[in-house]
Amino acid sequence: MAAYHSDIKGLTDEEVLASRQKSGSNTLQFKKENGFLDALKSIAKEPMVILLLVTSSIYFISGNIHDGIFLAAAIVLVAGISLYQDSRSRNALAKLKDFTQPGCKVIRNGIVVEIKSEELVLGDSMMVEEGTSVVSDGIIVQSNDFSVNESILTGESLAVFKDPAKEDNFVYSGTTVASGLAIATVTAIGNETKLGKIGKSLESIEEEKTPLELQISNFVKKMVIAGAVVFIFVWGINYYHSKNILDSLLKSLTLAMSILPEEIPVAFTTFMALGAWRLMKMGIVVKQMKTVETLGSATVICTDKTGTLTENKMSLARLYTLSGNKISNPETDVLGDEEKELLTLSMWSSEPIPFDPMEVALHNAYTQLILPDERAAYKMVHEYPLGGKPPMMTHLFENAEGKRIIAAKGAPEALMNCSKLNAADKQQINETINSLAKDGFRVLGVGEAVFAGTDFPETQQEFSFVFKGIVAFYDPPKKNIQQVLNDFYTAGIDVKIVTGDNAETTTAIAKQIGFKGYENSMTGDELMQLDEHELEERVKATHIFTRMFPDAKLKIINALKAKHEIVAMTGDGVNDGPALKAAHIGIAMGKKGTEIAKQAASLILVEDDLSKMVDAVAMGRKIYTNLKKAIQYIISIHIPIILTVFIPLALGWVYPNIFTPVHIIFLELIMGPTCSIIYENEPMEKNTMIQAPRPFTATFFNWKELAVSVLQGLIITAGTLSAYQYAVWQGMDEAATRTMVFTVLIAANIFLTLVNRSFYYSIFTTIQYKNNLVPIIIMITIAITGVLLYVKPLTTFFLFEHLSITNLSISIGIGFLSVIWYEVVKLIKRSSKK
């Protein structure tokens, strides 16, 4: 909140309330989504639910009412679990959506205040400045060198200059400010804005599926096709033997159910949505789901210096006057007339309403050190925004008597190029720049020009400036930045500094924070002259890039991508948009980032803290690892279910139909919560952030990744079929054999859950992981299994038989041995690493 020196006072609190009651809030309201109904429709289309409906109907038709009721109840339970998981995912994404809504500045009661965009009302005096989004329609009442990018409405990428005196003096919701500052009176909000009226077309735009989502979708489709083929084959075999259509249909549906891995897409959606929600709680807003996938793969992070590696708390530290060839400290030294003139000119060359930290520092220093304060007596008559290579900016002010001030500031080289300087002056300036920069100061040259006419030059460089001196700022490194860099290095992530500052200042700061590769740097101009091959090699080897501009930043990102790096890029300014968009992971700063940077980025660090990016990478790796565990678990446990149903039937064993749909659906109800609830809640393994980033091309479904899962599944199958043959050898009937095989599967499922919590660390290590859901789900599974085996009505319903302690122990032992062997593999892995 800040006082605002202007005739514009804005609305009062009472006027705001009256306007809101009359016109509503500034929100776009189109087609209302009904999450519950949409989720129900989605569930009704699930292959497993369709199979359950068909099977339940067959049971009712054939007179088997109890099994029909059980499967109907199973449908309700499956739907309930799916709705719960969908609700968690939707709630997480809704919170993210609220979090990413842009804010805006308004003048109310004569004071500039920042509010949520939805709180804007008709008649408000909205303030928009470079890098922000326009959040309502309005008519401009005051502006300084103001231009807007209206491509969202017109498709035209070039910025349009606007002025209160021009015919086109409107701003529109959804557009972004390319330069300058304006105050506009709000004329339309919400659906009544120009964007709101054409916004209906946005409803038809569907979000693109991520690569991993497509892989999972394709895998499930293939399994559905395989299930359909096997279903027809098994139906044919059963019908050939029994000549009973309904009975053979039920038995083939049993196998079809066992093949469908319907838990995989549910697990994927749950992991990604809850992962994004967990990141948001950590102060990291993920705008695109695919970013969660990519985070764990990042190999290079390109970071800005100011505000990312440093505090972005600029203090005016030194003043150098060329005429006196003297460096002064404004905090400790008594300033002479030359130093005061330099400070005054640097203030006039800043924005009247400063938002850049250096300009804020100049205005503050002027307020404290210069009397009288003449800011109220002068009005800006012309402005040249920051531009050129190297960049500079120029402001022209006049008072009521016609006295004019023309002040410029920017990169010292830029001012030197358009000032009349002799060789000795240039040498003095360069020596001063090097001296200040080596101490980590950020330096700006300051100049003054004289121009009497009103036909101003087209470019600021056409003025003949007098080089007055240098203002130097100190922006201390963040206290935690050295540890952050070490964390990136430990995780195998290369770090590069990409900044608009000069090489000397950047190198000095880099050296202070222990940055690897601070010895070599490259400027934007040098980079632009390299051919494609040389560019790729130099960009890979260089770690500090200075005097960067948008095209050069974009070239760095593309060169790294060409070398198959997964690139994360931090940015906060208007000019960072293209590079943020091009990077695999665009990272905008939540506090100092412009709205344009936030729109282009895929991830926002709310507190501008780079250490959160370490947390984000760790979370990305954790989510990927846990999702992989869940999917490998699903595949490992599906294989024995499929083969235990299929092999006795195909080979004509004595009890060919060992399981019915009732048994399969019970197993599915145990597996679903295990994979998407237990594994999603697993903590990060301690070696996660000391491993190299995983290749982005890696998928869940190649043989190397899944060899372990297939082998685990086959060995569990060997265990279930061994129990089957043991029961037959002991002369047990079908019910007892079924009970032993079922118990082996349940035991194997429990031990597999525990063993697969890590594919590297021992079960004795993972048992100490903090995940309260593991014992809860396991105890529930054991309790329900005990009830099924030893409560007579349920035992009869499931076609089971009470097992003796010996046979129960044998079944549990087989389940244990069919899984625990993998602990030996893990021991060998750990031993080979020593």
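Leaving aside its neighbours within four places in sequence, which residues is Phe488 in contact with? They are Ile301, Ile493, Val495, Leu610, Met613 and Val614, where contact means heavy atoms within 4.5 Å. Before going on, note that this is a predicted model, in which local features need pLDDT of at least 70 and side-chain atom pairs count only at pLDDT 80 or more, while totals for chains, interfaces and linings use all residues. Residues are numbered from 1 along each chain as its sequence is written, and side-chain values use heavy atoms, with hydrogens and water left out.

Phe488 also belongs to the largest nonpolar core, which has 97 residues. Such a core is a set of buried Ala, Val, Leu, Ile, Met, Phe, Trp, Tyr and Cys residues joined through side-chain atoms within 4.5 Å; buried means under 20% relative accessible area, exposed over 50%, and partly exposed in between (1.4 Å probe, protein chains only). Helix H22 (residues 611-650) gives the largest share of this core, 17 residues. Helices (H or I, at least four residues) and strands (E, at least two) are DSSP runs, numbered from the N terminus. Apart from this core lies another, of 28 residues, including Val285 and Phe545.

Now let's visit helix H16 (residues 503-512), where Ala503, Thr505, Thr506, Ala508, Ile509 and Ala510 are buried. Among the elements covering these buried residues are helix H14 (423-438) and strand E18 (494-498). At the start of H16, a side-chain oxygen of Asn502 comes to within 3.3 Å of the backbone nitrogen of Glu504. After H16 comes Gly514, with a positive phi near 70 degrees.

Terms used: Polar contact = N/O pair within 3.5 Å; in protein donor to acceptor, adjacent residues only side chain to side chain.
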